[in-house]
Amino acid sequence: GVQLAQVYAVDLAEVRLPLSDRQLALVDMPNSPAGLVTAPFVTFKLTYGEQHYYWQGKVVRTEGGLDVRNRLLYAIAEIETPYASDPMQPGRPPLPAGQFLEAEVQGRSHRNIVVLPRKTLRNGREVWVVENGRLARREVELLYKSRDQVFIKEGLKVGEFVVMTPMDVAIEGMRVHVRHFDEDVAQSASHVTNVARTN
């Protein structure tokens with residue numbers, strides 16, 4: 001009745017990936033054996049000392065339902081031969097069971113997405129743009145918000161200038177001077193805005 005040891009496979013490792021509703025909307029999860037053909041690949045990173053080491057894996061299934069404690073769905077990814085050495089990464093250690101990893105999951109492809117710093121977003125769904133030298137408020141539709149960036153799928157036009165500078169006072173229709181990135185940053189004016197042009 002005494003546990004003597006734990007046995008781990010050396011040919012395959014499984015990693016649980018906690019995904020929120022927002023993250024699930026960006027990836028194709030396999031819902032059947034046929035779905036494994038298009039299941040997303042995953043790049044795992046381990047920081048060991050000051051070095052970064054990587055393993056490649058693939059999502060093979062999801063757990064039965066949401067975790068009632070945190071409302072997350074856990075996807076299961078497999079890494080083949082986690083203990084094997086990699087000639088392209090000299091010194092990479094074996095991947096022990098129980099190790100925490102960073103995971104980058106392959107997402108769906110999207111077209112015509114504008115990526116901006118998160119600080120450009122106002123009131124949750126708005127950005128300031130410059131039209132004919134004046135401020136204009138623009139409501140946008142978000143695809144995703146990360147810690148540092150926002151991914152916008154609707155609401156901005158190609159070639160439009162988006163205000164990047166935090167403003168204490170911003171009034172729609174207020175005249176502003178646009179300072180392009182290649183100008184001397186020492187220039188100043190009463191209402192000077194750094195902008196990013198959408199592509």
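1. The second largest pocket is lined by Thr43, Lys45, Tyr54, Glu102, Ala103 and Glu104, where a pocket is, on a 1 Å grid over the protein atoms alone, an open set of points where a 1.4 Å probe fits, with protein on both sides within 12 Å along at least five of seven lines, and lining residues have an atom within 4 Å of a point. Strand E2 (41-48) and E5 each give two or more residues to the lining of this second largest pocket, and the largest share, 3 residues, comes from E5. Strands here are DSSP runs of at least two residues, numbered from the N terminus.

2. This is a predicted model, in which local features need pLDDT of at least 70 and side-chain atom pairs count only at pLDDT 80 or more, while totals for chains, interfaces and linings use all residues. Residues are numbered from 1 along each chain as its sequence is written, and side-chain values use heavy atoms, with hydrogens and water left out.

3. The volume of the second largest pocket is about 150 Å³, a volume being the space filled by probe spheres set on the grid points, which are joined across faces, edges and corners. By class, its lining has 2 nonpolar, 1 polar and 3 charged residues; Ala, Val, Leu, Ile, Met, Phe, Trp, Tyr, Cys and Pro count as nonpolar, Asp, Glu, Lys and Arg as charged, and the others, Gly among them, as polar.

4. The largest pocket has a volume of about 1000 Å³, and of the 37 residues that line it, the closest to its centre are Leu17, Glu102, Ala103, Glu104 and Val105. Strand E1 (12-19), strand E5 (102-105), strand E9 (141-145) and strand E10 (149-154) each supply at least two residues of this lining, with the largest share, 8 residues, coming from E1. The lining of the largest pocket divides into 23 nonpolar, 7 polar and 7 charged residues.

5. E2 and E5 run antiparallel and are joined by 4 bridges; phenylalanine 44 has alanine 103 in E5 as its bridge partner.

6. Leucine 19 belongs to strand E1 and counts as buried at 9% relative accessibility, buried meaning under 20% relative accessible area, exposed over 50% and partly exposed in between, with a 1.4 Å probe and protein chains only. Leaving aside neighbours within four places in sequence, leucine 19 is in contact with Leu24, Met29, Leu72, Leu73 and Ala75, contact meaning heavy atoms within 4.5 Å. Leucine 19 and leucine 73 are 54 residues apart in sequence, yet 5.3 Å apart in space, C-alpha to C-alpha.

7. Two loop residues deserve a look at the backbone. Most residues other than glycine have a negative phi. Arginine 71, although not a glycine, has a positive phi of about 60° and lies in the loop between strand E3 (51-62) and strand E4 (73-80). Asparagine 123, also not a glycine, has a positive phi of about 55°; asparagine 123 is placed in the loop between strand E6 (114-117) and strand E7 (126-131), and is exposed, with a relative accessible area of 70%.

Terms used. Pairing = 2+ DSSP bridges.
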